Structures are given as structure tokens and as C-alpha cells.
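Visitor: I have the sequence and the model open side by side. Could you walk me through how to read the contacts in it?

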Amino acid sequence: MNKEKWLFEITPKNNLLDLNLKEVWQYRDLLLLFVKRDVVTLYKQTVLGPLWYLIQPLFTSIIFTLVFNGIAGISTGVVPSFLFNLAGITIWNYFKECLIATSDTFKKNEAIFGKVYFPRVIMPMSIIVSNLLKFGIQIFIFICVYIYYYFNGFNVLPNIYILFFPLLIIAMGMIGLGLGMIISSMVTKYRDLTFLVSFGVQLLMYLSAVMYPLDLMREKLIDVEKGTDYSWIVDFNPIAHLIEFGRFILLNDGNYSVFGIIYTSIFTIIVFFLGLLIFNKTEKTFIDTI
Amino acid sequence: MSKDVILKVENLSKQYRLGTLGTGTISHDFNRFLAKIRGKEDPYLKIGESNDRASKGESEYVWALKDINFEVKRGEVLGIIGKNGAGKSTLLKILSKVTGPTTGSIKSNGRIASLLEVGTGFHPEMTGKENIFLNGAILGMTKKEIASKLDEIVSFSGCERYIDTPVKRYSSGMKVRLAFAVAAHLEPDILIVDEVLAVGDAEFQKKAIGKMQDISGEDGRTVLFVSHDMTAIQNLCPISLLLDDGKVSFKGETSKVISEYLKSEPLVDLNSGKIKFEGLVSTNGVELKSLLIQDNKLSQPNILNTYGNGFFELFFESKNLEECNIQAAFTIKNLINKPLLTFSTTFRKQILKKGKKDSIKCSFENLNLIPGTYMLHIWFVNNADKEIIIENTCKIKVVEKDVFNSGVLPTEKYHGHIISNNFKWE
């Protein structure tokens, strides 16, 4: 008897490495339509609309400047504190939005996922893309503020590494997506993680040198008298490296380490693919456990 | 022959865990993991009981589907019927890849698209047109495909006027129309449809069924259709599959499957042959207790002879029997819910006063039904109180009899009703 040939097969065992990227590509239109949906529907029935994206970073930046630079007296070197904070927040926000929005992919889209099949990964990917738009708005404000400072005597221009800026944003998105996919996969069974995410992200912000220079933070973490050294907290924090590198690009201030860049790149790729694998494994049966 | 088989389901099973997921989950997951690294089988796959909703089971695990096997040929329209919880939705979910099977496999030679719900992913803030694109893409169409069929979709839905209005302003029927219009223009090789036709007005339902017939007939596509609406199943599907407790209990010609399905029936008291009712109490305190259907010549209840004589007797309980003024009707319908004949008190404007007797009885002569299986429906009113209606009370089997003493037996297939013995040919 010759073996029958079938075009498609549904079986319980799925190959861990079978990511079905070809199928994802076939559904690319869906990704764009989801992005369009997110963008079109976001501001329906709000008064200020996209202005919310301007207000949030600006106000956060003002508060940070007051608290960290005013009250705590942290020096941001030659760069105006407000601009320094705004740069950090703008980059951080993209990561944060990506992580938070993707980490409840399965839970939030249960209704759709339970009724129709399409490659699930389209959903978090569309979030990453539509967040890019918000990021675009925020970077636009940053540029406005930048220009304002430029005409008021702060005459440092971004350096040549600005060419790497898109890469930096892609890395941010990939880490956010990777972590988000891992968390969303685990949330399907163990809801505990939702609690972790909401305050974990908050804590991570403080550990990622968003509102102070990385070097300063590293210095303070090493206590020579007591002989304790917590500098690994920043050294092995890829987000801290990315933010510091971002500020270096935008403000030509601060330092970046080659180690940091290599480490972050490797971390990004590992997290992204790990996320993809776990997500891929979960998507098959999550609807039974959610 | 296997060339023609477009979908093949082999030993498909699906296990579910009952109860809530909580702290126990992690220990089970851990045991599974241990078994896996030792190279053993999943310890929880062995246990598990059949999924009878009503009986209380021992195990935490149940098989929603167990060893399902069937094949569908290209261009076939297969109906899937079964009680609530028989596993229909689970089967559809696995077929449409929403969830994976526990064991077994599904093989197909074509693209499967499913319609488990209409309007999945509709966003209320977006216009009809925008939603057509989004919904179409969710169902697996490309933007280009949708754009080329946009006019057709809009005109099929009959919502031209609202097409640039946000969907939240639509009536629910319009949403369904729009959504079904999108789905109907999908071009998969295999289309899976779950009771989505239940909504929408009669005109639209007709349109939808017609469209589904086109899909299978003209375009030669395969359709799997799940519904509780026996008329729709009968109209659409020549062949059906009956699921019972997660197993395929019958597959074959739709009319046979439907009668098999309706066989699984109410409680019959073995001693008296009465069909028992529970909880049928009218507001003025009359409780319907049981029903006896009997042919005068046959000893078994619920079986009647073609052109035979017999009776229906409905027993009830009431505190003040003397004050009961009862009207009632017995209607016999065929299995696709078409009424065939009715015995009603209203025809003669009769009101039954019962005195001490706790039953009403309707006797008949020469029952004009050819052999087959029928459904009995009861209507009952006491003292102009709110009526009690018992739909699908029970099945009645009518068996053949040599009505004309000729050795020729009337059959379901050719003869319809027989009116009487007294017709004359010259």
C-alpha cells in the first residue's frame, strides 16, 4: 500500500522548531489590518485624542526632573535634566508599552482566538508595530524639545551613531515582544504573572537607569567601604544598556560599552526566539486552560 | 478511491480536565514533565472517563472526544448533530485548529476555514467596510481577494446603505448579515459552519442556506455543518454524523441519523410504559405527571399501527380536581418539525371537566400515518391559565400494517399519508 499524501495535517505533537513563518507571511495583510484597527479606534470618543501621547511623557519628565534632579540632586552633566529624562522616558516607554500590551495577548484575545484560527503570533507582532506609531509621536515631541534647547544654547548634536537608532528600537521591540510572549504564554495557565508584570515593570524602570546616568548608577551600587558590589544589576540589564546607548546617540552624552552592546544583542536574540518557541507551543492548546 | 477523500479524521481524542485550575495544576504539570523526561507516557492520558454530563464521575479528567474516525469526500456536505455536550463544538474547534487534539490526527487535502461564530473580530467603532476587510483577513483572505469581492459581499449582505457607518450602530441582524456575507465569500476547500444561521430573518436564512448549497453544489467545496435545527440539516446535508458522548454513534443518510438522534429519549417507566414528566406545573397548581400512548392491538407503549386504533392518555395531579376545566391538544410532527396532524379539544370548542378523574384521554381510530418515526407535542391549558407546552414530548413509532389486506405495505418513501380504506378506483 502506498502512503497517502495529505496537504495538511493536524496532530497533537508539534515540532518545537516548526515556527511556520511561511504561514505568518501569508497572513501579513491581517497584521496590517490589526495595526490599522488599533490606530483608527484608539482615539474614538476621546477629547484630547493623540495629545495623550504628548502629555504623558512630558509630565513624567517634569516630575522626574523635579524629584531626581531637583530634590535628590542627581547631576545629568552638561545635558539639561529635562531633556535627559525625556530621552530616557521616550525609549523606555516603547519597551514598556510593548511588554505590557503583549503580555496579555492570549487573555485579551480569548474571544477571537477561541473562534478562528490564524497564526497567533500576528497579534503581538501587530502590537509592536502599532506601538511604533505611538513611539513616533513621542520622538517627535522629543525633537521639538530638542530644537527648543538647541536655540537656547544647548548646542550638542546627535552623533553619527544615530544611524543605529532604528536598530536600537528594533532591539527594544524584540525584547518587549519576546518577554511579552513568554509571559502571555504562562499567564494562560498561571494568572499570578499578571500581578508580577504590573509592578515588575515599575521596578525594572528604576533598575534600568531611565532617570539617571548609567555610570552614576553603577558607581553608587559599588560600596567600597562595605565591600559590596551590586553593579551587576546594571551590567546585566540589557534595557539599561539600550537606554544608555540611546541617550548616547541622541544627546551625545554618556558612555556605552562594547560589552553592553554585544551582551544586549545576544540577549535580544535569545529572548525573542525563546518567546517565539514558547508562544508557538502554547498557542495550540491554550484555549483549554485559559 | 482515497483520492476523493478530502478530510480524514483518525482516532481523534480530546481530553479535558474538570473543575478549576488552581494549585493542583502545578503538581500535575510537574508529574507530566517527570514522565516526559523519563521517556514515559503522559500519566494522565490513561485515566479519564466518557463525558456523560449528567452522571457524576470519579475522575478529574474526561474525554470530550474519544476515538473519532470519519472521512469526508470532496464536495460532500456533512451534517453533525448531537446533544449538548456530545462533543460537537470540541470537534469543530479541533478541525478549525483553535485547539489541538490530545491524540489522533486530522488529515486534509485542502484549506480549512471555519465559521464557528459570525463576525469574529468585528470592531464596533469601525465602519462596515473596514470590518469586512478585518474580518475577511481574520478568516484568512488577503486584502486583494477581499477588495475584488467587496461589491459582491456588500450586495449579498444587503447593508449598502450602512456600509460607511460604524458597526456599533447596526442592528444585531445586520451584523450577522454582514458577517455571513464575508464568510460566504471565503473560498476554502473545506468550510466548517457552526449554528450561525440561527440568527437573521427568514429571508436571510434562506439566502444563507442557498449560498451554502451553492458552495457545495456548484463550486464543489466540502462543508461540515453543525446545527440543532433539524430542518436546516435535512435541507442541506445528504449525509450526517451523530455524536454521542464524544463518540461517533451513527453515520449515514441524514433522515436515518436524525431519527437515531431523536431516539435518545425521555424516561419511560418500565412497568406501566408511561412517559414521566418532571416539574411541569401550571400556575394554578395542576401538575402533569405522565403520558401513556397505546395502540389497542399492540402491547408495547409508544408504538402505533398504521391506520390503527389507539389512545393518548395524559395523567395529572391537582388539589381540586373538580374545578379543572381542561383544554388540550396532541400534535404529531415529523422529524423535521413539520406538523402532520393534531387532536385538539379546541376544534370542537370542548372543555373537559374532570370530576374525580385525574387524566384526560384522547382516543383515535384509523391513524393516518405511514410507518416511520414521529414526534409528539403537547399543549395543555387549565382554567385559561398559562398554557403548558411540551415540545418534543416523545417519539412515536408507527409500524406497518397490511391496511388494504393486499400484502402491499405503505412506506414512508413513496406514499405520504393514507387517508382511509374507503377510496375507490374504477
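Visitor: How many salt bridges does the rule count over all chains?

Guide: The general idea is that side chains of opposite charge can pair when their charged atoms come close. In this predicted model, the count over all chains is 13 salt bridges. One to look up is E71(B) with K8(B), whose closest N and O atoms are 3.8 Å apart.

Visitor: Which parts of chain B does that pair tie together?

Guide: K8(B) belongs to strand β1 (residues 5–17) and E71(B) to strand β3 (residues 61–73), so the pair links parts of chain B that are 63 residues apart in sequence.

Visitor: Now the chains. How many residues of chain B are in contact with chain A?

Guide: Start with the residues on each side, then turn to area. Here 50 residues of chain B are in contact with 38 of chain A. About 3700 Å² is buried between the two chains, and carbon and sulfur atoms give 62% of that area. On the chain B side, K97(B), V98(B) and I138(B) lose the most area to chain A, together 16% of what that side buries.

Visitor: What is the count of salt bridges between chain B and chain A?

Guide: The count is 1 salt bridge. K97(B) meets E23(A) there, at 3.7 Å from N to O.

Visitor: Which elements of chain B supply the side that touches chain A?

Guide: Those that each give at least two residues are β1, α1 (23–37), α3 (88–95), β5 (103–108), α4 (128–138) and α5 (143–157). By residue class, this side of chain B divides into 18 nonpolar, 18 polar and 14 charged.

Visitor: And within chain B, where do the domains lie?

Guide: Domain 1 takes in 2–6 + 68–111 + 188–262, while domain 2 covers 275–415. Taken over C-alpha atoms, their centres are 34 Å apart. In the contact between them, 6 residues of domain 1 meet 6 residues of domain 2. The two domains bury about 520 Å², 68% of it on carbon and sulfur atoms. Between them the count is 0 salt bridges, and the rule finds 0 residue pairs in polar contact, with both at pLDDT 80 or more. On the domain 1 side, α8 (230–236) and α9 (254–263) give two or more residues, and the residues of that side are 3 nonpolar, 3 polar and no charged.

Visitor: What confidence does the predictor give?

Guide: For the complex, the ipTM is 0.81 and the pTM 0.71. Chain B has a mean pLDDT of 80, with 87% of its residues at 70 or more.

Key
Residues numbered from 1 in each chain as written. Chains lettered and ligands numbered in written order. Heavy atoms only, no water. Domains from an automatic or database assignment. Contact = heavy atoms within 4.5 Å. Buried area = accessible area lost by both parts, 1.4 Å probe. Salt bridge = Lys/Arg side-chain N within 4 Å of Asp/Glu carboxyl O. Polar contact = N/O pair within 3.5 Å; in protein donor to acceptor, adjacent residues only side chain to side chain. Helix = DSSP H or I, 4+ residues; strand = E, 2+ residues; numbered from the N terminus. Nonpolar A, V, L, I, M, F, W, Y, C, P; charged D, E, K, R; others polar. pLDDT = per-residue confidence, 0-100.
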